[in-house]
Amino acid sequence: MWLESPLGKILYRVDRKSRGEFEFATSLGNFSFCFSNEFSRITAKRVFFQLDGYQKPIYEVPSVPTAAEAAVLDIQSRMEKVMMYQHHYRLSEMQDRLFSEDLYQRVSLWAAIHTSVILLAAIGQIFFLKKLFSTKPMTSKRNIIETPSGIGT
């Protein structure tokens with residue numbers, strides 16, 4: 001994954017990382033993101049990312065907040081942290097669910113393959129045992145004993 005600024009400068013680059021966070025200062029323009037799948041081209045990858053923006057106020061009036069304002073600001077910052085933790089928890093839960101569903105599909109496939117192999121082996125063993133213990137009826141041929149005189153008995 002890499003992040004490129006509007007000026008063409010690489011702001012962030014990382015390879016083979018499953019999770020992470022990155023903070024950077026923005027400017028006007030278009031930023032480019034690239035999520036590469038070079039590590040494993042066979043399996044599908046799911047990418048979750050979130051862009052949070054914080055804009056500084058253009059001007060701030062320096063003042064001492066009252067107790068109520070301080071309490072509201074404290075509650076606001078705590079609620080933002082709660083929302084961030086919930087978001088991370090939901091992403092983690094979704095990733096784990098997708099992993100478990102993929103694992104279930106693979107286990108089901110291998111169970112079907114093993115079941116078919118066991119059934120084929122059972123059919124082969126039954127066929128082999130039937131062939132081994134089957135007796136073919138002998139055709140009786142009458143043996144004629146010839147005497148030197150040429151008369152058969």
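User: Is Asp74 buried, partly exposed or exposed?

Analyst: Buried means under 20% relative accessible area, exposed means over 50%, and partly exposed lies in between (1.4 Å probe, protein chains only). Asp74 has a relative accessible area of 35%, so Asp74 is partly exposed. A word on the source: this is a predicted model, where local features need pLDDT of at least 70, side-chain atom pairs count only at pLDDT 80 or more, and totals for chains, interfaces and linings use all residues. Residues are numbered from 1 along each chain as its sequence is written, and side-chain values use heavy atoms, with hydrogens and water left out.

User: Which residue forms a salt bridge with Asp74?

Analyst: Side chains of opposite charge can pair when their charged atoms come close. The cut-off for a salt bridge is a side-chain nitrogen of Lys or Arg within 4 Å of a carboxyl oxygen of Asp or Glu. Asp74 pairs with Arg78, and their closest N and O atoms are 3.2 Å apart. Arg78 counts as exposed, at 54% relative accessibility.

User: Why are Asp74 and Arg78 separated by about one helical turn?

Analyst: Start with the term. Helices (H or I, at least four residues) and strands (E, at least two) are DSSP runs, numbered from the N terminus. Asp74 and Arg78 are about one helical turn apart because they lie four residues apart in helix α1 (residues 67–133).

User: How many salt bridges does a search of the whole structure find?

Analyst: The search finds three. Glu101 and Arg97 form one of them, at 3.2 Å from N to O. These two are four residues apart in helix α1, so about one helical turn separates them. Glu101 is partly exposed at 35% relative accessible area, whereas Arg97 is exposed at 55%. Arg106 and Asp102 also meet in a salt bridge, at 3.3 Å from N to O. Again the spacing is four residues in helix α1, which means about one helical turn. Arg106 is partly exposed at 46% relative accessibility. Asp102 is partly exposed too, at 31%.

User: Now the strands. In what order do the three strands form the open sheet?

Analyst: Two strands pair if DSSP finds at least two bridges between them. Here the order is β2-β1-β3, with antiparallel pairing. The edge strands, β2 (10–13) and β3, each pair on one side only. From one strand to the next, the twist averages 10°. For that angle, axes are lines fitted to C-alpha atoms (for helices, over the stretch in contact), and angles run from 0 to 180 degrees between N-to-C directions. Strand β1 (residues 2–4) is joined to β2 by three bridges. Leu3 stands opposite Tyr12 in β2.

User: Where is Phe33 found, and which residues does Phe33 touch?

Analyst: Phe33 sits in strand β3 (residues 32–34). Contact means heavy atoms within 4.5 Å. Leaving out residues up to four places away in sequence, Phe33 touches Met1, Trp2, Leu3 and Leu51. Arg13 is 20 residues from Phe33 along the chain, and their C-alpha atoms are separated by 10.0 Å.
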